[in-house]
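This briefing goes with the sequence and the predicted model shown below. Please read the points by topic, with the structure at hand.

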Amino acid sequence: MRNMLEKKVLFFGGKGGVGKTTCASATALAASHAGKRVLLVSTDPAHSTSDIFEREIGPEPVELLPNLWGLEIDGALESQRYVANVKEQIKGLFGHHILKEANKQIDLAASMPGAEEMALFDRIGGLIRGEDTRFDLIVFDTAPTGHTLRLLRMPELMEAWIRALSRSRQAMLGIEQDDKTDPVLISLTDRLEGLREFRARLLSPRVSAFMLVLVAERLPIEETARAIEQLNDAGVTVGGLVVNRILPASSPDPFLQSRHTQEVVYLDEIDRRFAKHSRVRVPQLASDVHGVKTLEALSEILIPHAQPSRP
Amino acid sequence: MIGVVSIRSNIRDFFHGAAYGAYERELRMQAAELNDLFLLLCYMEIVGLPNPATLYLLDVYPYLLEQFHTWHKRMGMERSPLGTLPCC
């Protein structure tokens, strides 16, 4: 797990309720102890990083602890911001009449289904491309698996789409006029560049990795297997597995004992099926994780000795 | 009196038209078709097809408004046929 801190972008994903947010937060904390400047980003519409750190986190990075910043992305807000930005951009370029019509059209397009997801995607893309140079490592606490995997496929899809558009535009201009000065083609080419860079960084094993969090139960195991398959398909590196909330072995309580016997079977299955990937086991803690104190304990289990030993 | 220069330019235009006219017409039609395709790709949502790139096209919409106007004129429609895209 330690070498994960060498990456630039880490995603934490998994089935709902397995502890993605706690694992992402603990890893971010460990990295900040190791001297990295870390940004912890929540992309789940139901944000819970602010609950863990027990303070408000908004759509702009806020410093939570030394070397650790938090950010909660909100799709609706991002889409509003995106639209405002475009309107500002085109303001000086067109006459009053065209602007009025264009603004109407922009508002309409921004209210289409999917616009929020797209704005979310655009913001994540900016972060992954390293737009904000303040940070060494960005840790994403993602929404449950399916939604996130779709998001990771988007650069590919969008790239193909924009490429087709600019080809079509180019073919048209080839007949009519010079294509170097066409503002539409210039805008499309810029988009294409951005998407290419986003995808290159997402797919580079040196830059990005996806961590899968699961608990030793039937459904999370199956979902993890599917997620690994899809990540491989997409070409995203699987960084490793975090097996969360393992029950203590020795307990006089017959209920816990029976849970434990079942768990051992699943743990074996996890070791067998995911032998290729590095795995780390995290025991069920005596109390649930919120606040920096309990998070410290968890980060020590996830990434031991992250604190650099002083000479 | 018609000048020699103008006669010469008329003759040149005549031969130019005779030699290239058909090609130019063809090219103009092809350009118009490509233009239509591009407009369709950009405005897919208006005709009910999902377009994954909508947000990335917002800043080119004002440039396309003019083209859209040319399009509906060319299609023989005096006013914009789409209520959602009122260009004139």
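S250(A) sits in a loop of chain A, between β7 (238-246) and α9 (254-273). With a relative accessibility of 69%, S250(A) counts as exposed, because the cut-off for that word is over 50%. Its C-alpha atom is separated by 69 Å from that of K91(A), a residue 159 places away along the chain.

**The sheet of chain A**

- Eight strands of chain A form an open sheet with mixed pairing, in the order β3-β4-β2-β5-β1-β6-β7-β8.
- Its edge strands are β3 (62-65) and β8 (279-283), each of which pairs on one side only.
- On average, neighbouring strands of this sheet are turned by 25° against each other, direction ignored.
- Strands of a sheet pair through backbone hydrogen bonds, and the pairing is either parallel or antiparallel.
- β6(A) and β7(A) are a parallel pair with six bridges, and in this pair M211(A) stands opposite G240(A) of β7(A).

**Helices on the sheet**

- Helix α1 (residues 20-33) of chain A packs on the sheet, where it touches β1, β2 (38-42), β3, β4 (68-72), β5, β6 and β7.
- The direction of α1 makes about 160° with that of β1(A).
- Helix α5 (residues 115-128) of chain A also packs on the sheet, touching β1, β2, β4 and β5.
- The direction of α5 makes about 150° with that of β5(A).

**Strand β1 of chain A**

- Four bridges link β1(A) in the parallel sense to strand β5 (residues 137-141), with F11(A) opposite F140(A).
- β1(A) also runs parallel to strand β6 (residues 208-215), joined to it by six bridges, and here F12(A) stands opposite M211(A).

**T49 of chain A**

- T49(A) belongs to helix α2 (residues 49-52) of chain A.
- Is T49(A) buried or exposed? Its relative accessibility is 1%, so T49(A) counts as buried, the cut-off being under 20%.
- The side chains of T49(A) and E72(A) make a polar contact at 2.8 Å.
- Leaving aside neighbours within four places in sequence, the residues in contact with T49(A) include T21(A), S25(A), L40(A), I57(A) and D141(A).

**Helix α8 of chain A**

- Helix α8 (residues 218-234) has 17 residues and reaches 25 Å from its first C-alpha to its last. That is close to the 24 Å expected at 1.5 Å a residue.
- An α-helix has 3.6 residues a turn, so residues three or four places apart point the same way.
- Among the buried residues of α8(A) are I221(A), T224(A), A225(A), I228(A) and L231(A).
- G235(A) follows α8(A) and has a positive phi, near 85°.

**Chain B**

- Chain B has three helices and zero strands, in the pattern α-α-α along the sequence.
- The radius of gyration of chain B is 20 Å, whereas a compact globule of 88 residues would have one near 12 Å.
- Along the principal axes, the C-alpha atoms of chain B fill a box of roughly 60 × 25 × 25 Å.
- Of its 88 residues, 33% count as buried.
- Among contacts in chain B between residues at least 6 apart in sequence, 27% join residues at least 24 apart.

Conventions. Residues are numbered from 1 along each chain as its sequence is written. Chains are lettered from A and ligands numbered from 1 in the order in which they are written. This is a predicted model: local features need pLDDT of at least 70, side-chain atom pairs count only at pLDDT 80 or more; totals for chains, interfaces and linings use all residues. Side-chain values use heavy atoms; hydrogens and water are left out. Helices (H or I, at least four residues) and strands (E, at least two) are DSSP runs, numbered from the N terminus. Buried means under 20% relative accessible area, exposed over 50%, partly exposed in between (1.4 Å probe, protein chains only). A polar contact is a pair of N or O atoms within 3.5 Å; within protein, one must be able to donate a hydrogen and the other to accept it, and residues adjacent in sequence count only if both atoms are side-chain atoms. Contact means heavy atoms within 4.5 Å. Two strands pair if DSSP finds at least two bridges between them. Axes are lines fitted to C-alpha atoms, for helices over the stretch in contact, and angles run from 0 to 180 degrees between N-to-C directions. The expected span of a helix is 1.5 Å times one less than its number of residues. The radius of gyration is taken over C-alpha atoms; the globule rule is 2.2 Å times the number of residues to the power 0.38.
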